[in-house]
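Here is a quick, friendly tour of the structure shown below. Have a look at it, then read on.

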Amino acid sequence: MTAHERHPPHPVGGTIEVITGPMFSGKTEELLRRMRRATLAKQAVCLIKPARDDRHGTTDVVSHDLRRQPAIAVERSEDIERHLDSLDRIPDVVVVDEVQFFDLEVVDVCNRLADAGIRVIVAGLDLDYLGRPFGPLPLLLAHAEYVTKLHAICSRTGRPAHFSHRIEGGDDHVQIGGSESYEALSREPYNDVVVREHHRDEA
Ligand code: ADP
Ligand code: MG
């Protein structure tokens, strides 16, 4: 018997909220803010992150302005439900940071949790460093009741930034890093650098 069956949560009220945008746009800050408010409301909250995000050498979720919160680090999306089933009490709120690093199955996991009455809050990059939709994010945006798109500050123009440009490193799809490896750019400078880098690679 799963924990869902032992402690059926509220029959109604489950939703999916997506917080998205480029790196440095404040996704983690916003996720931690919503989490704090749920805790103030005496709701049980569970914070999850993918184990591959090991930027801070800890299982804490840490924002770029160094707010931190202990989290459960899991390898795969199926481990999310496995972890929840191991708890004595099903949380009212399940929060997942860096959700773009999970496989597509995470979309079904979020839907199942929301169907079971849980408020699901996920945060993740909408685009990868090449400007392509990132993993499960497009599907999560479609399934979510609520979507918040945030912007960073463009490091070249000071305008709202929608793109995460990889400054250094290889061309692996996933490369964990912070401000040493990525900068937030608005559309024009992003297109300029991508064209320049493309020509350099061709030369
Ligand atoms: P995300 O999770 O979207 O990567 P965080 O919530 O971890 O973002 O960090 C947001 C914080 O990053 C901002 O409040 C600010 O202190 C810092 N920051 C660093 N570079 C930038 C930038 N280019 N634009 C906006 N905020 C930045
Ligand atoms: Mg973040």
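Which residues are the closest of those that surround ligand 1? Among the 15 residues around it, the closest are Lys 27, Thr 28, Ser 63, His 64 and Ala 152; a residue counts here if its C-beta atom, placed from the backbone, lies within 6 Å of the molecule. Two elements give two or more residues to this shell, namely helix H2 (27-40) and strand E9 (152-153). H2 has the largest share, with 3 residues. Sorted by class, the shell holds 5 nonpolar, 7 polar and 3 charged residues. (Ala, Val, Leu, Ile, Met, Phe, Trp, Tyr, Cys and Pro count as nonpolar, Asp, Glu, Lys and Arg as charged, and the others, Gly among them, as polar.)

A word on the ground rules: this is a predicted model, where local features need pLDDT of at least 70 and side-chain atom pairs count only at pLDDT 80 or more, while totals for chains, interfaces and linings use all residues. Residues are numbered from 1 along each chain as its sequence is written, and chains are lettered from A and ligands numbered from 1 in the order in which they are written.

Now for the chain as a whole. You'll find 6 helices and 12 strands in it, taken as DSSP runs (H or I, at least four residues, for helices; E, at least two, for strands) and numbered from the N terminus. The C-alpha atoms fill a box of roughly 60 × 35 × 30 Å along the principal axes. Buried residues make up 36% of the 203 residues, where buried means that 20 or more other C-beta atoms lie within 10 Å of a residue's own, with C-beta atoms placed from the backbone.

Next, take a look at strand E7 (residues 119-125). Since 7 of its 7 residues are buried, E7 is largely enclosed by the rest of the structure.

| Strands | Bridges |
|---|---|
| E1 (residues 15-21) and E7 | 7 bridges |
| E6 (residues 93-96) and E7 | 4 bridges |
| E2 (residues 45-50) and E6 | 4 bridges |

Zooming in, Thr 15 has Arg 119 in E7 as its bridge partner. Val 95 stands opposite Ile 121 in E7, and Leu 47 stands opposite Val 95 in E6. Both faces of E6 are covered, with Val 93 and Val 95 buried on one side and Val 94 and Val 96 buried on the other.

How values were computed: A residue is buried if 20 or more other C-beta atoms lie within 10 Å of its own, exposed if 12 or fewer, and partly exposed in between; C-beta atoms are placed from the backbone. Two strands pair if DSSP finds at least two bridges between them.
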